[in-house]
Structure formats: structure tokens, C-alpha cells
Amino acid sequence: MFNFLFARGNGGRFILRLEDTDFERHVEGADEGIFASLKWLGLDWDEGPDTGGDYGPYRQSERLEIYRQEAERLLSAGLAYPCYCTPQELAAEREEARKAGRAPRYSGRCCGLAAEARAAKEAKGVRPAVRLKVPQTGQTVVEDLIRGTVVFENATLDDFIIMKSNGVPTYNFACVVDDAMMKITHVIRAEEHLSNTPKQILVFRALGYPVPVFAHVPMILAPDRAKLSKRHGATGVEEFRSQGYMPEALFNYLALLGWSPGDERELLSRDEILREFSLDAVSKHAAVYDVQKLTWLNSQYINTVPQARLMEAALPFFRAAGLVGEAPSAAEEEYLVRVLETVRSRARTLVELTDMAAYFFRDDFAYDPKGVQKFFKSPGVPELLRRGSEALAEVESFGVTETEAAYRKLIAELGVSGGALIHPTRLALTGRTVGPGLFDVIALLGKKRCLERLRRAADWIEQNMPQE
RNA sequence: GGCCCCAUGGUCAAGUGGACUAAGACACCGGUCUUUCAAGCCGGUAACCCGGGUUCGAAUCCCGGUGGGGUCACCA
């Protein structure tokens, strides 16, 4: 997202590249999910696997020959060498180093391998990996837009693998080759990659390519301050969507994680964020992800977004819940709009919104058990509800003020408190104890349904409540 | 453990040597409105990690601790 904001805010191009060189972890169809999630969030790219571009292909799995050639260049220049060590040998070395309390570093023993030794290995059919020769003196300096100058001693690095023995590049090699060939000017990524950067700079230099500008942005941590991951605390974009979060809310929230416009504004539109975003204002420290604030932002959007937008966002949820059909008529849409307007201020997610609106569309709701205990128990309630339905039956123009007037009149006649009639009525009409103003509900539901539901509730109470 | 990054309320964050008696937001707690629940409005609790310097003056600069995080793969 910060890449998108930076690129678009500075007249650059935002490029999507799929780094899919780990065939073991390949998931069929995952690409489509990535595209859909990014698009839903409003992050559209200028070049990518689906859209194409002048520097494709944009899937690393389709660029294998390029990496092979680049690795070959380093091999013949003596800047890299084949390594015949087996994974088991390497693991043993690492284990030994760990036991001895040393940093696990590759010994470099294949570096000086004589031609005959190599030939012998090759003859035995051992396929080598390729390692980059890393200088053991001096320093590699990362000039980071956010962290400033970060110095790494080369002696702490080792000859890392750039090509696996199966001929596929490792991440630190492939991304450098691609960044160079795709003319990437800015690499903006999470801080977890900072320690990869000196390695990548070494590759850029070995290959003779210019080093791009780096910016390592703060990580997002789970509430327990651990790294957010698939297995720990992370929620996928698609999950947020299905939980009823609006993309504008997620976009807004994510922008505020690690960045702020510098003043008190928090509710920011996409355009405002695009206009205001600057890497200078990105903080250095990791941010803990707080779903409560996201949810609050979401409620703000549900509450304030234009009617048509709310309709568009809510419709899929209403359809899925079976509240509206695939192609609602004009009258149905009109009704939906009125329902949305009366419940929107109460909902924090589109799922809640749908749930709160259900009784406006279907009659088969159950009465809230706590509400039944509280409002249906008194002996006179069925009679009260019948009187209510009679009073409403008299109302000609079934609007909010007219129905309320009729009810107030009845309340006065009966000499009861307003709540004594209103609460049972709400439960009878909606099955709930909470919701929008009762007369908004009544007017919206319409006379026919109100009368039916009131009578039905009266009957239900008589049949189901223990008689005194 | 080595290397690297970071450090303002529970969380997100303003703050870049004096305007700090340290903004604002979420959450929490009150109040208000109301037939209920929200929303709205008003108010409250709550923070500069510790220790040394530098300076007339430090949340802000320096050093050292401590704490948190990241990373050390033929994963990305």
C-alpha cells in the first residue's frame, strides 16, 4: 500500500510482480486471490502479470532463463561459484555453529574447489547450487529513506546461495535481477527485509547494476507484539471483506498504521491520503494492529458514505442473507434504501447491518428470549398488543408522526407508561429489544405487517407463556 | 546467541531544544439526548523506559543500560 501511495503520489508507476520461485509452496489459483484483494482495496497496478507491461513477464516462474543467464555471468566472472554441499551437510554445519555459540555462516569450502574436484562431483551427477562470493572485509552500507544510514560489516555475511541446485533462483537473487531489469527506482518494503538488503546490494554490485533507493517501513505486529503472520493474528483482505468491512475503511486504517498526516485528521479518503502521503512522515517503530479502531472507522464509513455507495457495498450481504433477490425491483430498492437509512448509524460492519435489517424483510424471526422474559411476561400484554394493533388500524396516513400520535393517544387512554406499550410492541414487531426508533420501524414496516405481527405476538404469548 | 532496527497513555499517534501544565483518535468510565440500542454532543482516567551527560533550558541532542521487534534456509 505504501508502494502504491508513493508511486502514485510521485508520478511513478506501481508494479505488481509475483515472486513465485518456491514451487513447493505454489498454490494453484492464488494469483487470482491476490489480484482480487488488491483491486478490492483500490490498489490498481500499472504493470503486472495480468495487465502486462514493457518489462514482463511479471511472474518470476516465467523468467527462469533470465536468472540462469545472469548467474552464468557471475560464474564466468569468478564472482560466484558452484557449491556441492548437500543440505544435510549444511544443516550439520549450522547445528555445530549453533552449539558452539557461533553465528551460523557458510564456511566457503566449495569456493576453492579445484577443477578436478568439481568434475568429480559433476560426474557423480551432483547438481550444484550457486553461491555469491561475499567480501570478508569492509562494510556494505544501506542508505535507507526511513532508517537513515545502516552499516553492515561484510564479515557478518556469508557466501549465500543465489541459485538453488534445481536451477531456480533464491529470493535475494531473483528480486535483484528483476529490480534491475524492470528499472525499479524505489524498493519499499517491511523492516523484516532490512537484513536482506546488504546481500541484495552486493548482488546489484556484482551484476553491475545501479542500486535502487530503499525504504524499510515499520512492521505491523499482532496485539501480543509478535510478528503478524498467516499463523498468528493476521487476517486476509478477503476475510475483512466477508466480515463486512468496507474497503475505504481498511484502506484508511492501514494508511494510519505507520503513517499520519501530521495533524488531527483521521477519517481520510483515498484521494486525501494519496495527496498527503509522504515517506518522510512514516514512523520508524512497528505498529500494533488494533481491530477495534478499524471497526470504529468502518462504522464511520457505514454512517457517512453516500447512500448509493452504502447500497452498493451492502447489497451483496443482503443477497447472501436472502433478504433481497438478484435483481431487486425499483420498489424493493427504494425500500432497501429506507431500511439502510434507519439502521446504518447502529451498525459497525456490513454483516451487523444485514443482521439488524433482517426483520424488515422476513416475518420468520424468533423473539429474543431475554426480551420475552422482560416484556411478554406481564398478564396484560396480549391485550395491550391487540389494542395497539387496533389503534394502528385506524391510522390513515401511516407515517412516523401519525402512528406515534395514535400510540401516544392509546397510552394516555390506558393510563400506562410509554415503555409498557412500546417495549412489547418492539419485541412483537422485530423480535428484538433494541433497534431504531419504534415509530420509524412501524412506518417503514407498513400497516399490514404491523397489524399481523402484533396479533401474532399476542397469540404466541397466550400459547407459550405460562398463564398466571 | 551474532547482526540490525526501534522506544510518547492499553492501542494508533502529534511533537524535530523554550509556545509541553505533552495534542488528537480508538478503547474504557461518567453525563446528555431518548421508548430501547446506537450515533451525536459534553466531560474524565491514562504516557515521554531507566541512568548519565550536553545546554540557561531536553519528550526532543549524545553515551550507556533495559525492554520490544526483526533476521540469521537450496522460504519469500
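Arginine 131 stands opposite isoleucine 161 in strand 5; strands here are DSSP runs of E of at least two residues, and helices are runs of H or I of at least four, numbered from the N terminus. This is a predicted model, in which local features need pLDDT of at least 70 and side-chain atom pairs count only at pLDDT 80 or more, while totals for chains, interfaces and linings use all residues. Residues are numbered from 1 along each chain as its sequence is written, with chains lettered from A and ligands numbered from 1 in the order in which they are written.

Strand 2 (residues 129-132) pairs with strand 5 in the antiparallel sense over two bridges, pairing requiring at least two DSSP bridges between the strands. The open sheet has three strands in the order 1-2-5. Strand 1 (80-83) and strand 5 (161-163) are its edges, each with a single partner strand, so one side of each has no neighbour in the sheet.

I turn to the RNA. Around RNA strand B there are 65 residues, of which Glu19, Tyr171, Lys227, His285 and Gly437 come nearest; a residue is near if its C-beta atom, placed from the backbone, lies within 6 Å. Helix 18 gives the most to this surface, with five residues.

Helix 18 also packs against helix 20 (residues 447-464), at an angle of about 105° and with axes 8 Å apart; axes are lines fitted to C-alpha atoms over the stretch in contact, and angles run from 0 to 180 degrees between N-to-C directions. Helix 18 is therefore roughly perpendicular to helix 20, the term covering 65 to 115 degrees.

Note on methods. Angles under 35 degrees count as roughly parallel, over 145 as roughly antiparallel, 65 to 115 as roughly perpendicular and the rest as oblique.
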